[in-house]
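Dear colleague,

Please find below the structure that I promised to hand over.

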Amino acid sequence: MSEHGEQQGHIGHVVPVGVYLAVFIALMFGTALTTGVAYIDLGRWNTVVALAIAVVKMLLVVLFFMHVKYSTGLTRIIIIAGFFWLGIMITLSCADELTRRWEIVPKGWSMIAPHIYHLR
Amino acid sequence: MSEMAAHTPHSHPPGFAHQFETIEQQREAGTLGMWVFLVTEILFFGGMFTSYIIYRALHLQSFIEGSHDLFVKFGATNTAVLICSSLTMAMAIRSAQTGKSKRTIIGYLLVTMLLGATFLFLKLRFEWYADWKEGLIPGVSWIPSAAHTPGVKMFMCFYFFMTGLHALHMVVGLGILTVLVIMTARNRFSSQYYQPLEISGLYWHFVDIVWIFLFPLLYLIGGRYPGS
Amino acid sequence: MSTATVDLREAPIESSVNYLNARYGIKSWLLTLDHKRIGLLYLGTITFMFFVGGTAAVLMRLHLIEPQGALFEPETYNKMFSTHGIIMVFFFLVPSIPATLGNFLIPLMIGARDVAFPKLNLMSWYIFVTGCCFAMYGVISGGVDTGWTFYPPYSSAYSQTHVIAFALGIFIAGFSSILTGLNFVVTIHKMRCPGMTWFRLPLFIWSMYATSLIFVLGTPVIAITLALLAAERLLHVGIFDPAVGGDPLLFQHLFWFYSHPAVYIMILPGMGVISELITAFSRKKIFGYTFVAFSSLAIAVISFIVWGHHMFVTGQSIYAGLVFSVLSFVVAIPSAIKVFNWMATLYRGSISYEAPMLYALGFIGLFTIGGLTGLFLASLATDVHLNGTYFVVAHFHYIMVGGAVMAYLGGIHFWWPKITGRLYPDYWARIAAAIVFIGFNLTFFPQFMLGYLGMPRRYAMYPSEFQVLNVMSSAGASILGIGYLIPLVYLIWSMRYGPVASANPWKAKGLEWTTASPPPTENFAEIPVVNEDAYNYPVAEPRHYPDAPGVARV
């Protein structure tokens with residue numbers, strides 16, 4: 001892939017215009033799809049579908065517009081590290097916030113201020 | 001001064017900085033630096049996203065109510081506007097890379113800026129201004145409403161914090177693009193040296209990605225179907 | 001004092017042009033792009049901040065000489081400990097080794113002419129100074145009384161002090177850390193000279209790389225957290241206010257997501273310095289190079305998954321508490337690996353007790369005490385008793401002062417000839433190292449006992465049965481203060497009157513010792529080529545004991 005670019009004396013990988021346009025159309029389609037799906041009742045899956053489409057759109061932008069498909073392993077590791085650390089923050093914060101209500105309440109006792117938590 | 005002369009027998013290509021050995025090394029360093037910066041941005045926005053996830057779980061009903069106060073049409077339009085601007089940004093870089101004329105590059109950059117400004121205009125004029133008039137901005141213009149559960153205020157906090165932070169990044173991006181237009185006009189770039197364009201493009205695409213997530217997370221909570 | 005009487009250790013090899021005398025004038029310093037000069041700019045700034053924070057500490061210890069408090073109103077005392085904590089953590093310890101020694105040494109050690117982005121480097125110093133100005137404005141205009149942790153709702157709703165000024169100062173200084181970390185990551189990846197492979201890097205570089213990772217991955221989170229806090233305080237929107245459905249503990253999560261790894265920002269560079277000092281003064285290759293290198297990275301990663309141990313008693317879910325407790329024990333492993341490897345390096349080395357080595361040996365002992373007491377606090381049950389007492393204060397001072405500051409001073413002494421081209425007075429340096437060690441232990445060991453007996457931290461008064469231990473601690477603090485003033489005096493003195501140093505006064509290994517002292521502006525006359533491992537000291541002759549009876553010596 002990269003020789004193609006270098007043969008013409010370019011630095012880095014030259015992405016064909018067609019690829020950019022295809023990615024662009026896919027992104028626009030994704031936007032329309034996200035918006036459209038919101039008007040269909042999928043219950044809890046509405047959020048999942050919306051986020052799945054967002055992740056796909058992000059991957060398209062990262063891989064093609066930001067040239068990660070043609071970049072070094074180091075760049076990829078750095079990006080993955082960023083998301084991994086974000087994952088750490090979300091997971092361990094939720095490990096507390098979402099399990100706080102699990103505490104066993106002895107018989108005859110009651111939770112203090114249970115109205116703070118609206119967890120289902 | 002004699003030490004300096006020792007390692008500079010070759011002539012310097014344009015934009016080459018003294019601390020590097022080769023232009024290739026400089027290119028790699030610049031790109032790597034930008035990616036590392038974007039990782040810090042992921043975690044900067046990540047703090048907001050983490051808080052959002054937790055509060056959304058705690059106040060889901062209120063977040064749905066609050067989300068229904070937002071205009072999906074402007075959210076979706078702005079998403080499309082930003083995607084267009086990402087395309088033109090990518091094309092600007094490609095034009096520099098393939099040695100197109102500086103008018104082409106500047107043209108793409110100006111369209112990108114115009115789209116960015118359109119985004120900000122739509123946001124300010126039709127969303128934030130309306131919210132301000134309706135008293136939906138916590139701490140600035142907030143009119144308590146009987147129709148709202150208390151958590152709606154929390155949702156609006158996050159809405160303004162996250163979109164505000166995003167808009168701030170857009171403004172910075174417009175500033176960067178202005179500099180790039182000037183640099184291009186002064187013939188700073190060629191097919192052999194266009195790195196400022198390339199790494200600024202990374203930043204611009206990143207800001208686009210943030211919005212790609214903000215749109216469903218803020219505008220589409222709980223769906224928009226009848227009875228949602 | 002005339003220079004003629006000074007005893008010259010080495011024949012002076014004064015290089016004609018170096019980074020200090022290449023250009024003169026205030027402008028040449030304020031607009032410099034040279035990483036070495038920027039390192040010195042940081043050195044001056046953080047030394048100032050250190051003495052501001054230190055003054056607050058001395059005043060606190062003076063106040064606690066009497067059970068009822070000797071000097072201040074309780075409100076003033078609250079401002080003293082808050083100022084001390086904020087200044088020392090964010091404006092001294094975090095930038096201490098990375099921004100001074102790191103800036104100065106990373107390009108020298110990897111054989112580069114400068115860091116990858118010199119302008120960014122200078123900018124990060126200006127950003128740091130701006131942050132310092134906000135913090136100093138906060139100090140002068142009346143201080144802050146929230147403690148360095150800024151827990152809401154006290155900091156957001158009730159405190160009447162200058163929370164915003166300090167939060168803004170930390171926010172701004174955070175961007176300086178981010179830019180420094182970014183610069184170092186790119187420099188270490190891309191600027192190494194030919195032959196300088198990853199596993200030939202000095203261990204200081206590995207630890208700086210791990211530190212930079214924490215800078216890059218952690219600091220943005222504290223920035224956004226303090227921005228949220230400032231917004232909450234200014235607009236009262238309720239993000240951390242339980243009345244509106246906010247959760248004050250969320251602030252603690254976000255705060256400690258950065259601030260626990262920040263502890264390792266402070267200690268990891270120290271560990272890197274110690275690896276350099278131990279090898280140089282035992283004249284031995286480090287024992288288990290790869291283990292020490294990877295333990296730095298392991299610490300950087302694990303440091304991000306232990307933060308909940310600060311929240312065991314603040315209302316965190318017990319299930320999260322269990323997880324965080326287990327993970328906190330895990331982080332002890334790479335730290336212990338380092339200590340064991342330093343001990344093994346010392347074993348049968350030809351050790352000389354120069355001043356930097358005294359600091360290094362002090363570091364190992366004090367860091368071990370600080371680390372082991374950390375395990376007490378990582379246990380859920382003991383933490384219920386010890387949390388919020390002087391035991392915690394003593395524990396983290398053993399790490400941060402006994403560890404990080406000792407390493408910082410050791411490093412400053414070790415590389416002082418390289419930085420200034422002058423030797424410091426060895427006699428005074430050893431005296432100062434001993435005074436610091438004694439003063440430190442006298443200050444903080446009694447605090448372990450006080451905390452175990454139940455004396456809470458951050459109180460302006462205490463029951464009279466604690467007075468003996470408190471007076472011991474205060475006496476130690478004054479000794480420690482003198483221990484810090486002595487190096488300040490003789491190091492400044494040596495810049496003018498010290499004997500001229502040779503390129504390699506310690507006969508140490510490492511690229512920084514192959515260039516002149518002080519180095520020329522672009523570090524090396526020619527970019528070096530490396531063809532040997534780090535710490536390639538000549539292997540000592542095996543010792544023979546021909547007269548020893550019977551048992552073979554190992």
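Between chains A and B, 43 residues of chain A are in contact with 41 residues of chain B, contact meaning that the C-beta atoms of two residues, placed from the backbone, lie within 7 Å. This is a predicted model, in which local features need pLDDT of at least 70 and side-chain atom pairs count only at pLDDT 80 or more, whereas totals for chains, interfaces and linings use all residues. Residues are numbered from 1 along each chain as its sequence is written, and chains are lettered from A and ligands numbered from 1 in the order in which they are written.

On the side of chain A that touches chain B, at least two residues each come from α2 (17-37), α3 (45-65) and α4 (73-97) of chain A, and α4(A) gives the most, with 14 residues. Helices here are DSSP runs of H or I with at least four residues, strands are runs of E with at least two, and both are numbered from the N terminus. By class, that side of chain A has 30 nonpolar, 10 polar and 3 charged residues, where Ala, Val, Leu, Ile, Met, Phe, Trp, Tyr, Cys and Pro count as nonpolar, Asp, Glu, Lys and Arg as charged, and the others, Gly among them, as polar.

Of the contacts in chain A between residues at least 6 apart in sequence, 39% join residues at least 24 apart.

Chain C also meets chain B, with 34 residues of chain C in contact with 33 residues of chain B. The largest share of the side of chain C that touches chain B comes from α7(C), with 8 residues, and by class this side has 23 nonpolar, 6 polar and 5 charged residues.

Turning to helix packing within chain C, the axes of α3(C) and α6(C) come within 11 Å and cross at roughly 20°, the axes being lines fitted to C-alpha atoms over the stretch in contact and the angles running from 0 to 180 degrees between N-to-C directions. The two helices α3(C) and α6(C) are therefore roughly parallel (angles under 35 degrees; over 145 counts as roughly antiparallel, 65 to 115 as roughly perpendicular and the rest as oblique). The crossing of α3(C) with α6(C) is left-handed, which is to say that the near helix is turned anticlockwise from the far one by less than a right angle, clockwise being right-handed. Their contact divides into 15 nonpolar, 4 polar and no charged residues.

Within α3(C), which spans residues 74-110, C:F92 is buried, because 24 C-beta neighbours lie inside 10 Å. Beyond its neighbours within four places in sequence, C:F92 is in contact with C:I46, C:M49, C:F50, C:G53 and C:I87.

The helices α12(C) and α14(C) (residues 390-420) pack at an angle of about 160° with their axes 8 Å apart, and they are therefore roughly antiparallel. Their crossing is left-handed, and their contact has 16 nonpolar, 9 polar and no charged residues. C:L361, in α12(C), is buried, with 22 other C-beta atoms within 10 Å.

With kind regards

Methods:
A residue is buried if 20 or more other C-beta atoms lie within 10 Å of its own, exposed if 12 or fewer, and partly exposed in between; C-beta atoms are placed from the backbone.
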